[in-house]
Amino acid sequence: AIRPIQDLVLDNEVIAPDGFRRPAVVVNGSFPAPLLTAWKGDTVRFNVIDKLAQHLMNKTTTIHWHGIFQQHTNWADGAAMVSQCPIASGHSFLYDFSTGQQAGTFWYHSHLKQQYCDGLRGPLVVYDPEDPHRHLYDHDDENTVITLSDWYHTPANIDQRFPQQCSNREFNSTLINGRGRWIGDPTAELAVITVEYGHRYRFRLVSMSCDPDYVFQIDEHNLTVIEADGQNTEPLTVDAIDIFAGQRYSFVLDANKPVRPGVTGNYWIRANPGFGPNNFTGFINSAILRYVGASNEFPRTEWNQRPRMLNESDLHALEDPKAPGKPSQNPDAVNVTVNLNFTKVGDSYFVNGHSFVPPPLPVLLQILHHQTDPRKLLPYGSVIGLPRNASVQVTMPGGVDDIPHPLHLHGHAFSVVRSAESTSYNYDNPVRRDTVNTGFDGDNVTIRFETDNPGPWFLHCHIDSHLNAGFAIVFAEDTNTTQYEKPPQSWDELCPIYDRLPEKDH
Ligand code: C2O
């Protein structure tokens, strides 16, 4: 169906999600940004109205619909200076796109500098009327969406090009569904999720992190994973999930703990960050799973020290699992191989020797203005041309700067034929997703995808300060036919007031 236009009003407000008051970016008055929902095949229309005016925070914006392929609508991808100019304060921009054949768990966030760390991030769920996993759960609604966010007490200082403060500063708290506690406020309210004994719930776990990964678990319950990043998987039961910035999972939780004398009926939900304040003293990094009929007390359950962790290479795509490239075992079967190399020099990140700097004109507009030679697209060296209908293999080494980096590709899902911490290749039934942990030194994560979607698409580290420090490239897919995709009424709408912007973002 074609859905009515939905306004998303961006504004600045002082909020205290962890007990500490600070100005933030809110959407329709709320942080996290409100849950947006659609059905598979819907055309959705989000009218973003920019009322941002807070001094020291960015006033311009764009919104990216993370994981949505934007087939034929590259212009609606929301990547600042790749697909459009920033929307200026006092102006609006209509994102109008179809969910196509996609269903699953997505999210949306500012794709301008580090603005999403200041609050512009929320979940987006696309329901499937013919979900193949439907028989596995009883409930799947707004109460079963779980978002994880790192939260900072100072704005991301987005006016600096290399805000090293962001990568070096520690977040002050972990928010689960927008609530948490920083160390200075042991009374701040925690999120409570209510379940009923005997029911099965499809939870949709969304990492809206700007930086850390989280080890997620729910005490005394196991998690049956059925979806990764908008792609159904064969069900896999684990105790804990290490989820990286930008990733999503659906898992089924069987509420199988009866409420009876001697048990509180309350269980900790934990999101333990990969670094930073990561013990549970004072119940930081926690929320509560509460059974109907239980008392309103804190859980007394214990952290599972030796959980069965989700291992990415054990996860298998449910539908058409074969990786692109035929015959599947033959590495030469791919048409294009891109070997990436990541480095950090000083405060900047480099991909194959180039640190991504936003170009003066969005890459899409350069192409629409007839620059179809990918080598001539700006920023020089950061754009890689890809032909249409090709199988592409990309290899990415782990461990730059000794930490794991999650890499996200726009416009596609990819098959993870080699996962982090694995030395073997799986071309037959690898998981398919859109954001992958590239692991540590010695790892060489390898992905494959098909070029079925003309337009310029970002591939970047989803640690937001790293993207801002150049950890990105753009794949310019089939530049010759990009102009035949459907732009908004006129190309110039992508940068309507570009020359008159009071605050330039490039
Ligand atoms: Cu969720 Cu390019 O980002």
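These entries go from the domains to the sheets, then to the core and the loops.

**Domains.** I am working from a predicted model, and I read every entry below with that in mind. The chain is divided into domain 1 (2-130), domain 2 (147-314) and domain 3 (331-500). I looked up how domain 1 and domain 3 are placed, and found their centres, taken over C-alpha atoms, 21 Å apart, with 22 residues of domain 1 in contact with 25 residues of domain 3. From the unreviewed UniProt entry I noted the annotation "domain: Plastocyanin-like", which covers residues 15-130, 142-294 and 357-479.

**Sheet with β11 and β16.** I traced an open sheet of five strands with mixed pairing, in the order β11-β19-β18-β13-β16. Its edge strands are β11 (192-195) and β16 (240-243), each of which pairs on one side only, and the twist from one strand to the next averages 20°. I then followed β11 to its partner β19 (residues 286-291), where four bridges join the two strands in a parallel run, and Val192 has Ile288 as its bridge partner in β19.

**Sheet with β23 and β28.** Another open sheet of five strands, also of mixed pairing, has the order β23-β31-β30-β25-β28. Because β23 (383-386) and β28 (435-437) each have a single partner strand, one side of each is left without a neighbour in the sheet. The twist here averages 20° from one strand to the next. β23 pairs with β31 (residues 472-477) in the parallel sense over four bridges, and I found Gly385 bridged to Ala476 in β31.

β25 runs antiparallel to β28, with three bridges joining them, and His408 stands opposite Thr435 in β28. Three bridges also join β25 to β30 (residues 455-461), again antiparallel, and the bridge partner of Leu409 in β30 is Leu459.

**Core.** The largest nonpolar core has 132 residues, and those with the most contacts inside it are Leu205, Phe251 and Val474. I checked Leu205 and, leaving aside residues up to four places away in sequence, found that it touches residues including Ile146, Phe216, Ile241, Ile243 and Phe251.

**Loops.** Most residues other than glycine have a negative phi, and most peptide bonds are trans, so I looked for exceptions. The peptide bond from Phe31 to Pro32 is cis, with omega near -10°, and Pro32 lies in the loop between β2 (22-27) and β3 (36-39). A cis peptide bond also joins Leu378 and Pro379, with omega about 0°, and Pro379 is in the loop between α2 (363-368) and β23. His370, in the loop between α2 and β23, has a positive phi of about 75° and counts as exposed because it has 9 C-beta neighbours inside 10 Å. Asn352, in the loop between β22 (348-351) and α2, has phi near 45°, and with 14 C-beta neighbours inside 10 Å it counts as partly exposed.

Conventions. Residues are numbered from 1 along each chain as its sequence is written. This is a predicted model: local features need pLDDT of at least 70, side-chain atom pairs count only at pLDDT 80 or more; totals for chains, interfaces and linings use all residues. UniProt positions are given in the numbering used here, feature names are shortened, and annotations may be inferred rather than shown by experiment. Two strands pair if DSSP finds at least two bridges between them. Axes are lines fitted to C-alpha atoms, for helices over the stretch in contact, and angles run from 0 to 180 degrees between N-to-C directions. A nonpolar core is a set of buried Ala, Val, Leu, Ile, Met, Phe, Trp, Tyr and Cys residues joined through C-beta atoms within 7 Å. A residue is buried if 20 or more other C-beta atoms lie within 10 Å of its own, exposed if 12 or fewer, and partly exposed in between; C-beta atoms are placed from the backbone. Two residues are in contact if their C-beta atoms, placed from the backbone, lie within 7 Å. Domain bounds come from an automatic or database domain assignment.
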